Amino acid sequence: MTTPLPVFERLTVIGCGLIGSSVVRAAREYKAAGHITVADISQTVLDRVAALGIADAVEADLGKAVETADLVIFATPVLAVADVMATIAPHLKAGATISDVGSVKGSVSEAMQAAAPVGVHIIPGHPIAGTEQSGPDAGFAELFQDRWTILTPIAARHDDAYALAVAKLASFWRTLGAQVEQMDERHHDLVLAVTSHLPHLIAYNIVGTAADLEEVTQAEVMKYSAGGFRDFTRIAASDPTMWRDIFVANREAVLDVLGRFTEDLQALSRAIRWGEAEKLHELFTRTREIRRGVIALGQESPEPNFGRDRGKH
Ligand code: NAP
């Protein structure tokens with residue numbers, strides 16, 4: 001079924017960094033929204049968005065920015081969502097759809113619902129696409145092409161109006177080029193803890209460890225940084241505020257998988273200590289197969305894609 005365009009007449013994006021500005025650019029490029037307003041806590045960001053000319057209006061007053069919006073998308077760091085929701089709640093239009101792009105869904109969904117007025121549709125979302133860059137200049141319209149966007153609708157909402165709003169939001173993301181899947185929010189947080197949050201934690205940790213090693217100088221770390229370590233430094237360069245918020249907001253699921261990971265690491269360290277070569281070979285063979293599976297599914301994050309690395313977060 002083809003959706004008539006624009007999918008939403010009036011879109012407001014709150015927080016116009018990498019992801020917010022990509023939504024704005026894509027919504028305009030693919031005609032998913034008729035009129036686009038950008039709101040942000042930072043006047044510098046608003047000035048930059050105005051200079052780039054990617055939105056129809058910029059607004060520093062968050063309440064004013066959402067008054068006529070049919071779709072509001074939060075693209076701020078996840079811990080800012082509760083405050084933003086409380087600020088805009090009295091200004092939301094009845095029947096409006098309120099969504100987000102945050103990398104954590106359980107606690108964000110709770111925060112959105114806690115302050116939401118009756119009569120709006122809260123539908124949390126997460127596009128699994130991104131780069132290590134931040135800010136409005138870093139965004140681009142093709143970011144979501146052939147990437148997954150996961151929607152985590154509120155389980156307690158069974159009414160037809162809500163189902164219609166979910167279908168319309170899914171259609172919005174498909175117009176931006178994404179493939180859309182629905183998932184339980186807790187399951188989302190566990191899946192992302194394994195596939196994205198833990199790998200980032202490992203990268204932050206290994207780069208920190210290398211930097212702190214007294215026997216190896218910083219200059220040597222940089223000079224001899226070969227394939228593996230270089231990749232870790234790229235991941236460890238991700239936005240500190242965004243990742244601070246992710247680990248605080250998804251603490252339970254991250255600690256869960258971290259516990260499991262630590263046990264496996266202990267087993268690996270025992271195998272190395274006792275020279276259990278076969279055990280190591282077996283694991284490395286299994287993981288090589290998984291890598292081949294990832295490539296076959298087209299889910300790797302290739303280097304030169306639209307000139308940028310579109311990782312997943
Ligand atoms: P970003 O480039 O840093 O952009 C965030 C923007 O939100 C900034 O302009 C920031 O302003 C603004 N902001 C912060 N607090 C605000 C508030 N209270 N009210 C209004 N605006 C506020 O970050 P991003 O990478 O686009 O990430 C945004 C969201 O997308 C996060 O929730 C993240 O989990 C999610 N996400 C990120 C990726 C990724 O790869 N980066 C991928 C998928 C999902 P200041 O600069 O002044 O702080």
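Begin this predicted model with its open sheet, whose 6 strands are paired in parallel and follow the order β3-β2-β1-β4-β5-β6. If you colour residues 57–59 and then 121–122, you will have marked the edge strands, β3 and β6, each of which pairs on one side only.

Next, select residues 8–14 together with residues 71–74, which are strands β1 and β4, and you will find them pairing in the parallel sense over 4 bridges. Within this pair, show L11 and look across to L71 of β4, which is its bridge partner.

Then select residues 43–52, helix α2, which lies across β2 (33–39) and β3 and runs at about 175° to β3.

Now move to two helices, α7 (residues 185–212) and α9 (residues 227–235), whose axes come within 8 Å and cross at roughly 115°. Because angles of 65 to 115 degrees count as roughly perpendicular, α7 and α9 are therefore described as roughly perpendicular to each other. Viewed as a pair, α7 passes α9 in a left-handed crossing. To see the contact itself, show the side chains of H200, I202, A203, Y204, I206, V207 and A210 on α7, and those of F229, F232, T233 and I235 on α9. Colouring this contact of α7 with α9 by residue class will give 9 nonpolar and 2 polar residues, with no charged ones.

How values were computed. Residues are numbered from 1 along each chain as its sequence is written. This is a predicted model: local features need pLDDT of at least 70, side-chain atom pairs count only at pLDDT 80 or more; totals for chains, interfaces and linings use all residues. Side-chain values use heavy atoms; hydrogens and water are left out. Axes are lines fitted to C-alpha atoms, for helices over the stretch in contact, and angles run from 0 to 180 degrees between N-to-C directions. Angles under 35 degrees count as roughly parallel, over 145 as roughly antiparallel, 65 to 115 as roughly perpendicular and the rest as oblique. A crossing is left-handed if the near helix is turned anticlockwise from the far one by less than a right angle, and right-handed if clockwise. Contact means heavy atoms within 4.5 Å. Ala, Val, Leu, Ile, Met, Phe, Trp, Tyr, Cys and Pro count as nonpolar, Asp, Glu, Lys and Arg as charged, and the others, Gly among them, as polar. Two strands pair if DSSP finds at least two bridges between them.
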